[in-house]
Structure formats: structure tokens, C-alpha cells
Amino acid sequence: MSQDTPEVGITKCTVISCRNFYHLESPPDYQFFPFPTNRDISKKWKEKCGISAYHDVSKSSVCSDHFKPTDYADADQKTLTSSAIPTENLGWMLGMPEVKVVINPKAPKIKVAEDLDFNKVKEAVDVNEKLKDQLQDLVKEYEPIKEKMGLYKRKIDNVEKEINRVKMMIAKVKSKNWKPGNNLLCRVFSQAQINMLLGKKKVVWSYDDMAMAFTLRHVGNKECYLYLKDTLNLPLPALSAVQRWVASNKLKP
């Protein structure tokens, strides 16, 4: 490691207790050497100089007062060996206060790397990778399910539209402004039959309704009438109502 010629006007030695400095106009008798590029050696230099391990030393130098004759690689003492470390005239190590970092005792303690269980760390990393793989599998399985859900939703929407359409038709039938001639049902069924189809609890049968039911009952037989009413769900009066109507009108089959 050869000596360093500072480019700035004044350069002070990095050792905190040293007063030596370099001035371009009046070069001193001592020489300045830059910090080594080797990180481990540079760390030891920082410790000897009394500076922080994170201090930027890219433009810092140490003067020749802090090296032993055996630290030089040549007889002119202009080049240091690769393992040279400043150990001479370090005044701060002989009574001067050392630069220390103040640590808050209440701050949570952080475990150093030596205290870590690397097997547990590796296990945690493996578990994390497995979880990531499981997540990707779940995402792949979710895609077809999502498509099916969309298909079912469209079907439900179509069914709901059809239900709303039927409800609107029923509402028109129930409306007071509805006219019988406007609907095909009125051409086939009477108003009482339509009310029965709409599920109304009370249905008032007209004379024509009862006469038609009486005719159907006696054209065929009782089983035929019940088949039309209960199996085919035709809106017809009950047989008991037909019999009462016949009795009230004194009719004979």
C-alpha cells in the first residue's frame, strides 16, 4: 500500500488523537497512507483510529507516525505491507476518551447472528415456500370455480327476469284498469276461474260458471270431473258447491 497524496488543501490524520495534517504549500516530514481496500483490515484501522465502523473512509488517510518500521514493505518506508495496522502513538488508547455508541437500555434487544438458530430459519423458509406453492394451487383451482359461479349467476339473473315478467303480467291482471278483452285468458276462462288461477282465497262463482260445472259433471261422471279438477288443475268449483247450487235452483240431472 503506497502513500497517498491528498488532492485537497488540508488533510488531517484520521486517528482522533493525532494533530498531524497535510498542507499542499508546506508538506510535512511524515507521509499519509489511504485506508486499505480489504474490509477486514480496514475495519481494524477504524478501530485503531477510534472512529465508527460505518464511517466513510474513501477519502481518509493515516499518517506514518502510527506505523512500526516492520509495517513497511520497502526501505524508503513509502509503501505499507498488506497486513499493516496502525498501532503506534494512539493517544486515545492511553487515556483519551474513546468514541462509543450510546445504547438505550430500554430499547428491545436484537439477537446477533451468532444467537440465531439457522435450522429454524431454514425450516421457516421451507414452510414459506410450501405456503406459496399451496397458494398458487388454490388460485388455479379457483379459476374454474369462478367461471362456474359466473355462469350460474347469469342463469339466476335470467330466471329473476322471467319471474319479474310474470309478476308484471299478474299485476296487470289484478289491476283495476285491466280490461278482459286485452288478455287471452279472458277468452278461455271466466273471471272467477282467473281469480282461482291467481290463488285468491275467496272466489265467487257466477251462474254461468256453476251451469258449466253442472254440465261437465253430468256429461261424464264424478271421477271424470275430479280428474279435470284435481289432476289437470282446471279451475272448476268443488262438487259440494255444485250440488248446493243444484239444490238451490231446484234442478234435476
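Partly exposed describes a residue whose relative accessible area lies between the buried range, under 20%, and the exposed range, over 50%. The legends below apply this term to a predicted model.

**View 1. The salt bridge between Arg 165 and Glu 162 in helix H2**. The closest N and O atoms of Arg 165 and Glu 162 are 2.5 Å apart. Because the two residues stand three positions apart in helix H2, about one helical turn separates them. Arg 165 has a relative accessible area of 41% and is therefore partly exposed. Glu 162, at 38% relative accessibility, is likewise partly exposed.

**View 2. The salt bridge between Lys 153 and Asp 157 in helix H2**. Here the closest N and O atoms lie 3.5 Å apart. Lys 153 and Asp 157 are four residues apart in helix H2, which comprises residues 118-174, so that about one helical turn lies between them. Lys 153 counts as exposed because its relative accessibility is 52%, a value over 50%. Asp 157, by contrast, has a relative accessible area of 28% and is partly exposed.

**View 3. The salt bridge between Asp 230 and Lys 229**. The closest N and O atoms of this pair are 3.7 Å apart, and the pair qualifies because the cut-off is 4 Å. Asp 230 is partly exposed, with a relative accessibility of 46%.

**View 4. The salt bridges of the model taken together**. The count comes to three salt bridges. Among them are the pair of Arg 165 with Glu 162 and the pair of Lys 153 with Asp 157.

Key
Residues are numbered from 1 along each chain as its sequence is written. This is a predicted model: local features need pLDDT of at least 70, side-chain atom pairs count only at pLDDT 80 or more; totals for chains, interfaces and linings use all residues. Side-chain values use heavy atoms; hydrogens and water are left out. A salt bridge is a side-chain nitrogen of Lys or Arg within 4 Å of a carboxyl oxygen of Asp or Glu. Buried means under 20% relative accessible area, exposed over 50%, partly exposed in between (1.4 Å probe, protein chains only).
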